[in-house]
Amino acid sequence: MQHFPIFLDLSGRPVLVLGAGEAAARKADLLRRAGADLRRAARFAPDLLAGCALAIGADAPEADLQALADAARAAGIPCNIVDRPDLCTFIMPAIIERDPLTIAVSSGGAAPVLARLLRARIEAAVPPAFGRLAVLAAHFRDTLRRRLPDLGTRRRVLEQAFTGPVADLVFAGAEDAAAAAFAAAIEGAAPAEGCVFLVGGGPGAPDLLTLRAQRLLGEADAIVHDRLVGDGVLDLARRDAVRIHVGKARAHHCMRQEDINALLIRLAREGRRVVRLKGGDPFIFGRGGEEVEALRAAGVRCEVVPGVTAALACAAQALIPLTHRGIARSVILVTGHTREGRLDVDFAALARHRGTLAVYMGIVSLPQLSDGLLAAGMDPRMPAALIERGGTAQHRMLRGTLGDLAARAQGWGSFGPALVLIGEAVARGGGHAGAAVAEPVAAA
Ligand code: SAH
C-alpha cells in the first residue's frame with residue numbers, strides 16, 4: 001500500500017486552491033461540497049497557506065506551483081499539485097458519492113484511468129439510494145444500541161436490513177415503510193443464534209471460490225482455518241473477524257480434531273457466525289464429516305458450502321479430462337495417507353477399475369502405491385502425473401508412467417501439496433506421458 005487512505009473532515013476548515021483554470025475549478029467544487037472554507041488565488045503568496053488543512057494547485061505558473069509545494073511541505077500541510085506526482089504529498093482518489101457513504105478508488109498514481117474505470121463499475125453496482133440506507137441506520141442507532149445490547153444480534157439485524165426487504169423499500173423510495181420495517185425487525189430480533197459454515201476454500205486461488213463462500217467470509221465473526229487455505233482467500237475475510245489457525249501439516253498436527261470440534265462448538269454457542277474454512281472441499285479428505293457429526297450432536301446449526309477439490313483443480317490446470325468418452329468412465333478419489341507406515345487400500349480393485357485415479361496425500365507413499373498397483377496387474381506404461389499446487393499460480397507438474405513416476409518424483413523436491421493422477425486419460429492432457437522434465441503446466 002503506497003498511499004494510506006483516510007477520509008478528512010474539512011467542514012469549516014480553510015483549504016487553498018491555487019490556479020485559475022478548469023481543473024482548479026473542479027477541485028474547488030468538490031471541496032466546497034465537503035464543506036471546506038475555500039481560499040482561491042491565481043498566484044501564490046505564503047500568507048495564503050496560513051491555517052490551511054489542505055492545499056491544491058492546478059493551472060498556475062510553474063514557479064507558483066513549486067513555491068506552493070515547497071511551502072506546504074515545510075509547514076506540514078498536505079499538498080496536491082494536479083498532474084505533478086513529484087510535487088504531491090497526497091493524491092486525490094476517484095470518488096463515488098452515496099452520501100453519507102463515500103467510496104474512494106486509487107491506483108496510487110500508477111493508472112488513474114484504471115481507477116476511473118473501476119469507479120464506473122462501482123457506480124453501476126451501488127444503487128444511488130444506497131446512502132439512504134446509511135441514513136436510516138444512523139437514525140436508528142441509539143434505538144439499536146438500547147434494544148439490542150448484544151453486538152452480534154445488532155450486526156445480524158443490520159445485515160438483514162441492508163440486504164433484505166428494508167433495503168428494497170429504501171431503493172424503491174418508500175422511506176416510511178422502510179423505517180417501519182426496520183423498527184419491527186429491531187423489536188422482533190431474537191438473540192443471535194450461532195452457527196458454523198463448513199466452507200470449501202478451493203485449491204488456493206481466490207477466484208476459484210464460490211460466490212457463497214466469498215459472501216460468508218465477508219460476514220463471518222470467526223474464521224477457523226487450515227494450513228492449506230491460501231492467503232489470497234483469507235484476504236476476503238471480514239477484517240475484524242477473529243482468525244484461528246488450526247493448520248495441519250503432515251506429521252505435525254497443530255490441533256487435535258477433538259479440540260477443533262470443541263472450539264467450533266464453543267464459538268457457535270457464543271452466538272458467533274463461524275466459518276470453518278478448509279482447503280478444497282470440506283467433505284473430501286477434509287474431516288468435514290466428523291465436524292458435522294460433532295456439531296449436530298451438540299445441537300449447533302451447521303451448513304456446508306462445497307469447494308473445488310484438488311483433483312478437479314489439478315486436472316483442469318493440466319488439461320487432463322478426469323473422464324473421457326471411451327477411455328475413462330469413472331474417477332476414484334483415494335488417500336495415500338498411511339497408517340503405521342502401511343497403505344490401507346484395495347490394490348486389486350484400484351487396478352481393475354478402468355478410469356482415473358486421483359491420489360490425495362500420496363507423495364510420501366507413492367513408491368508403495370505404484371508397487372501395489374503393479375503387483376495387482378496394472379500396466380507399468382499407464383500414464384501418470386504429479387501435480388503440485390494445482391489451481392494456483394505456483395503450480396508444477398511432473399509427467400511419467402506408473403512404472404517410473406515414483407523414481408522421478410524423488411529428485412523433484414516438494415514445495416506444496418501435490419496430487420497424483422493415474423489413468424489412460426492422463427495422457428490426454430497437454431504434453432505426452434513420456435515427457436521427462438518437470439514442466440510448468442501452462443507451457444504443456
Ligand atoms: N479437502 C481437500 C483435500 C485435503 S487432503 C480437497 O478437497 O482438495 C490434503 C491433500 O490434498 C494434499 O496432500 C494434496 O494431495 C491435495 N491437495 C490439496 N490442495 C492441492 C493443490 N492445490 N494441488 C495439488 N494437491 C492438492
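User: Two strands pair if DSSP finds at least two bridges between them. Which residue in strand 12 does Val199 stand opposite?

Analyst: The structure is a predicted model, in which local features need pLDDT of at least 70 and side-chain atom pairs count only at pLDDT 80 or more, whereas totals for chains, interfaces and linings use all residues. Residues are numbered from 1 along each chain as its sequence is written, and side-chain values use heavy atoms, with hydrogens and water left out. Strand 7 (residues 195-200) and strand 12 (residues 273-278) pair in the parallel sense over six bridges; strands are DSSP runs of E with at least two residues, helices are runs of H or I with at least four, and both are numbered from the N terminus. In strand 12, the residue opposite Val199 is Leu277.

User: Which strands stand at the edges of the open sheet of five strands, each with a single partner strand?

Analyst: This open sheet has the order 9-8-12-7-13, and its pairing is parallel. The two edge strands have one partner strand each, so one side of each lacks a neighbour in the sheet. These strands are strand 9 (242-245) and strand 13 (301-305).

User: Which residue is the bridge partner of Leu16 in strand 2?

Analyst: A further open sheet consists of four strands in the order 2-1-3-4, paired in parallel. Strand 1 (residues 14-18) runs parallel to strand 2 and is joined to it by five bridges. Within strand 2, the bridge partner of Leu16 is Arg39.

User: How far apart do the C-alpha centres of domain 1 and domain 3 lie?

Analyst: The domain assignment gives domain 1 (14-92), domain 2 (129-187), domain 3 (195-308) and domain 4 (311-440); such bounds come from an automatic or database assignment. Between the C-alpha centres of domain 1 and domain 3, the distance is 50 Å.

User: Which domains each give at least three residues to the shell around the ligand?

Analyst: The ligand is surrounded by 18 residues, a residue being near if one of its heavy atoms lies within 4 Å. The closest are Asp281, Ile284, Thr309, Met361 and Ala418. At least three residues of the shell come from each of two domains, namely domain 3 (195-308) and domain 4 (311-440).

User: Which elements give two or more residues to the shell around the ligand?

Analyst: One of the closest residues to the ligand is Ala418, and its polar backbone atom lies 2.7 Å from an oxygen atom of the ligand. The elements that supply two or more shell residues are helix 13 (310-317) and strand 20 (418-422).

User: Where is Phe285 found?

Analyst: Most residues other than glycine have a negative phi, and most peptide bonds are trans. Phe285 is not a glycine, yet its phi is positive, at about 45°. Phe285 belongs to the loop between strand 12 and helix 12 (288-297).

User: In which loop does Pro100 lie?

Analyst: The peptide bond from Asp99 to Pro100 is cis, its omega being near 0°. Pro100 is located in the loop between strand 5 (94-98) and strand 6 (101-105).

Key
A polar contact is a pair of N or O atoms within 3.5 Å; within protein, one must be able to donate a hydrogen and the other to accept it, and residues adjacent in sequence count only if both atoms are side-chain atoms.
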